[in-house]
Amino acid sequence: LQTKLPKVGTTIFTVMSQLAVEHKAVNLGQGFPDFAVPDRLIQALDRAMRDGHNQYAPMTGIPALRQAIAAKTERCYGYRPDADAEVTVASGASEAIFDAIAAVVRPGDEVIVLDPCYDCYEPAIDLAGGRAVHVPLDPATFAPDWSLVRAAITQKTRLLMVNSPHNPSGAMFDADDIEQLTALLRGTDILLLSDEVYEHIVFDGRIHESVLRHPELRERAFVVSSFGKTYHCTGWKVGYCIAPPALSAELRKVHQYNTFCTFAPAQWAFAEMIEAEPEHYEQLGAFYQAKRDRFREQLLTTRLKPLPVPGGYFQLVDYSAVSDLDDAAFCRWLTIEKGVAAIPLSPFYETPPQGQRLARLCFAKNEATLDAAIERLQKL
Ligand code: PMP
Ligand code: GLN
């Protein structure tokens with residue numbers, strides 16, 4: 001069989017989670033919380049199913065959820081998207097990202113991605129017949145060098161993809177990034193896809209520079225988020241996309257034939273939860289900041305060096321004091337021999353920086369899980 005995706009194997013998240021199970025390692029690899037979903041959300045889901053919301057939802061999402069998303073967006077970013085024309089519920093951010101790319105990227109188009117970048121972007125670009133153009137983030141700070149992005153733009157550039165807070169580094173755009181990004185796109189017809197799945201997990205009083213705050217950017221953007229991250233339920237796979245009417249219409253053409261609609265009972269549950277407990281997402285940063293701070297303090301008792309974490313739920317560590325293995329080999333060794341699963345960074349790059357000795361640890365875990373991991377990491 002001639003493969004359409006010759007570069008694609010099994011994702012690093014699956015590989016490392018399987019290895020963790022096989023070797024009974026504490027799994028700080030694949031990003032998922034190991035604590036409970038909010039009780040109200042479980043009850044609302046249960047009620048939605050008992051109330052009979054078990055058949056196809058409207059293709060774009062149930063109106064109550066789209067309205068709740070629009071109202072929450074206004075509360076957070078001072079901008080209220082039109083719930084009917086601009087908000088689409090999808091089966092995870094992954095589906096929304098795939099739909100957006102499939103909807104706008106034509107054969108021969110170029111899509112600029114910033115490396116390291118999340119692993120689902122490039123296969124979707126390839127399937128659309130496009131070509132991913134990889135621009136490196138600063139290897140020390142993971143900030144974009146906008147002059148490099150500018151230099152990568154050609155006549156064929158159709159789409160630019162950004163992600164803040166960033167997976168795997170936790171780096172966040174600041175006001176200057178937004179200004180430079182805006183200047184870069186001004187006068188072009190390049191579209192923007194902003195992956196903001198960690199929008200509510202931000203620390204130290206920083207604000208999340210959502211593209212939705214900025215009229216000039218949002219008029220050309222697909223902005224994608226995920227309830228999996230915000231409500232500790234990555235396995236429910238519910239997310240959404242906010243985009244101007246013309247872009248939403250194109251995205252919906254793909255969505256309606258890809259999944260048609262998203263798990264209906266969860267849509268009712270999220271609609272209720274967003275309205276009834278806004279404090280959940282308002283306090284999510286503080287909730288994770290406490291975990292981050294505790295975990296970082298514990299890491300100082302090991303030979304792993306924690307890098308700064310402005311947002312998200314991943315901690316990068318420099319392991320060069322422990323090992324000179326490359327990151328893939330180190331993460332395998334750490335999982336198999338030392339009992340802690342981590343994610344290497346190299347799969348997030350087209351060309352990983354030479355000699356980079358970084359691994360990603362997920363701290364979206366109970367204290368007991370993190371304590372067990374630290375006990376093992378102290379023996380490195
Ligand atoms: N983008 C980024 C940066 C992510 O980290 C993830 C989830 N790990 C996704 C997209 C996909 O989100 P979902 O699980 O809602 O499909
Ligand atoms: N987004 C998760 C991570 O970065 C993984 C999601 C997945 O396994 N596909 O770890």
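1. In this predicted model, one helix contact joins Ala 64, Leu 65, Ala 68 and Lys 72 of helix 3 to Gln 267, Phe 270, Ala 271, Ile 274 and Glu 275 of helix 11. By class, the residues of this contact are six nonpolar, one polar and two charged.

2. Helix 3 spans residues 63-77 and helix 11 spans residues 264-276; their axes lie 8 Å apart and form an angle of about 30 degrees. Helix 3 and helix 11 cross in a left-handed sense.

3. Helix 1 (residues 12-22) packs with helix 14 (residues 327-338) at an angle of about 25 degrees, and 9 Å separate the two axes. Because angles under 35 degrees count as roughly parallel, helix 1 is described as roughly parallel to helix 14. The crossing of helix 1 and helix 14 is right-handed.

4. Which residues make the contact between helix 1 and helix 14? Helix 1 supplies Met 16, Leu 19 and Ala 20, while helix 14 supplies Cys 331, Arg 332, Thr 335 and Ile 336. Five residues of this contact are nonpolar, one is polar and one is charged.

5. The protein chain is assigned a domain 1, made of 12-30 + 283-377, and a domain 2, made of 39-278. Taken over C-alpha atoms, the centres of domain 1 and domain 2 are 26 Å apart.

6. Contact between the domains involves 22 residues of domain 1 and 21 residues of domain 2. On the side of domain 1 that touches domain 2, the elements giving two or more residues are helix 13 (284-299) and strand 10 (314-318). Helix 13 gives the most to this side, namely five residues. The class composition of this side of domain 1 is 14 nonpolar, five polar and three charged residues.

7. The surroundings of the ligand form the last point. Around ligand 1 there are 14 residues, of which Gly 92, Ala 93, Ser 94, Asn 167 and Ser 226 come nearest. Which helix provides the largest share of the shell around ligand 1? That share, three residues, comes from helix 4, which covers residues 92-104. In terms of class, the shell around ligand 1 holds nine polar, three nonpolar and two charged residues.

Definitions and conventions: Residues are numbered from 1 along each chain as its sequence is written. Chains are lettered from A and ligands numbered from 1 in the order in which they are written. This is a predicted model: local features need pLDDT of at least 70, side-chain atom pairs count only at pLDDT 80 or more; totals for chains, interfaces and linings use all residues. Domain bounds come from an automatic or database domain assignment. Two residues are in contact if their C-beta atoms, placed from the backbone, lie within 7 Å. Helices (H or I, at least four residues) and strands (E, at least two) are DSSP runs, numbered from the N terminus. Ala, Val, Leu, Ile, Met, Phe, Trp, Tyr, Cys and Pro count as nonpolar, Asp, Glu, Lys and Arg as charged, and the others, Gly among them, as polar. A residue is near a molecule or strand if its C-beta atom, placed from the backbone, lies within 6 Å of it. Axes are lines fitted to C-alpha atoms, for helices over the stretch in contact, and angles run from 0 to 180 degrees between N-to-C directions. Angles under 35 degrees count as roughly parallel, over 145 as roughly antiparallel, 65 to 115 as roughly perpendicular and the rest as oblique. A crossing is left-handed if the near helix is turned anticlockwise from the far one by less than a right angle, and right-handed if clockwise.
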